[in-house]
Amino acid sequence: MNAVGFVGLGNIGAPIANCIAKAGARLHVYDISPTPDRVPQDAISEASPRALGANTEIVFLCLPSAEAGHSFAAEVATLESRPKIVVDTSTIGPSGAASLSRALAASGIAYIDAPVSGGVARAVRADLTSMVAGDPAAVEAAAPWIRAYSSKIVNMGAKPGLAQAMKLVNNYASVACMLSTSEAISYGLRQGLGMDAMLEVMNTSSGQSFVSSVLFPKHIANGAFDSAAPARIVAKDLALFLREADLAGTSHTIGDEALSLFTGYSPENPEEDWLHIFEFIRDRGNRPG
């Protein structure tokens, strides 16, 4: 399966597509708002998802919603020659994955639920963690291309949606940790502690986390705020977790508070790097009332 399609050349989609191209794929790409500098070298830019689907055997999706995935499925459904496998790297939740899997299966297309974690910098380095769920034969066929951008692949099972559930677990834990760590460090700053000193202690103590060991020292303390994840995407993923937790009947009290915090922050700053929420949290303490 060397004829590979890629739909969605966003912040993380573009470097993933580039990794696949470097691995030797005959890559066809499509994006609703094409930006030439995001198209991998020697890749063929298609005019529509339908055109892309007609020329490829396996297609990767990196899209903002389940609805966008269904739009792709509808475009390729009536093709005489269509992809055999769709690998979905998007974050759409278990319900979205199950629905999209059924829609593609009706056209004889195997669906692999394969969200990623690690961020843009790790995507550029082909160092992402991929969670996969789907038919074992389809997963095996797609594995060479998934390995092109992943340093770790964890098979979550045969049922599409299981990888999405794992992605939501990871995202939610990361966001909750970011918010609580931001509040803790804001308190420390108010007490006269230096951020570097706080991080030194936390990262050799029980307060250590990815947030304290990577996000704060490498992306926040230096003023960079360059995770390349817009606030609107993080807020969307948080709301997705809450919806799925409701369906599962599990507790999400902390998540409700977290979404309330994002509701106050992200509407005015939807495209801003989400790490700026630390400043929002820090500065809330300076406001009267």
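Where is Asp-42 found? Asp-42 sits in the loop between β2 (26-30) and β3 (44-45). Helices here are DSSP runs of H or I with at least four residues, strands are E runs of at least two, and both are numbered from the N terminus.

A word on the model before going on. This is a predicted model, where local features need pLDDT of at least 70 and side-chain atom pairs count only at pLDDT 80 or more, while totals for chains, interfaces and linings use all residues. Residues are numbered from 1 along each chain as its sequence is written, and side-chain values use heavy atoms, with hydrogens and water left out.

Back to Asp-42. Its phi is near 70°, a positive value in a residue other than glycine. Asp-42 is exposed, at 72% relative accessible area. For the cut-offs: buried is under 20% relative accessible area, exposed is over 50%, and partly exposed is in between, using a 1.4 Å probe and protein chains only.

Now Phe-225. Phe-225 is not a glycine either, yet its phi is positive, about 45°. Phe-225 lies in the loop between α9 and α10. Is Phe-225 buried or exposed? Phe-225 is buried, with a relative accessible area of 12%.

Next, the cores. A nonpolar core is a set of buried Ala, Val, Leu, Ile, Met, Phe, Trp, Tyr and Cys residues joined through side-chain atoms within 4.5 Å. The largest one has 33 residues. Those that touch the most other members are Met-178, Leu-179, Ile-185, Phe-216, Phe-262, Trp-274 and Ile-277. Two or more residues come from each of α7 (162-190), α8 (195-202), α9 (210-220), α10 (231-248), α11 (253-265) and α12 (277-284). Which element gives the most? That is α10, with eight residues.

Take Ile-277. Contact means heavy atoms within 4.5 Å. Leaving aside neighbours within four places in sequence, Ile-277 contacts Met-178, Leu-179, Leu-261, Phe-262 and Tyr-265. There is also a second, separate core of 30 residues, including Phe-6, Ile-20, Cys-62 and Ala-142.

On to helix packing. Axes are lines fitted to C-alpha atoms, for helices over the stretch in contact, and angles run from 0 to 180 degrees between N-to-C directions. Under 35 degrees counts as roughly parallel, over 145 as roughly antiparallel, 65 to 115 as roughly perpendicular, and the rest as oblique.

First pair: α3 (residues 66-76) and α4 (residues 93-105). Their angle is about 5°, with axes 10 Å apart. So α3 and α4 are roughly parallel to each other. On the α3 side, the contact uses Ala-66, Gly-69, His-70 and Ala-73; α4 brings Gly-96, Ser-99, Leu-100, Ala-103 and Leu-104.

From α7, Leu-168, Asn-171, Tyr-172 and Val-175 meet Val-234, Asp-237, Leu-238, Leu-240, Phe-241 and Glu-244 of α10.

Last stop, Ile-109. Ile-109 is in the loop between α4 and β6 (110-113). At 3% relative accessibility, Ile-109 is buried. Glu-57 is 52 residues away along the chain, and the two C-alpha atoms are separated by 9.9 Å.
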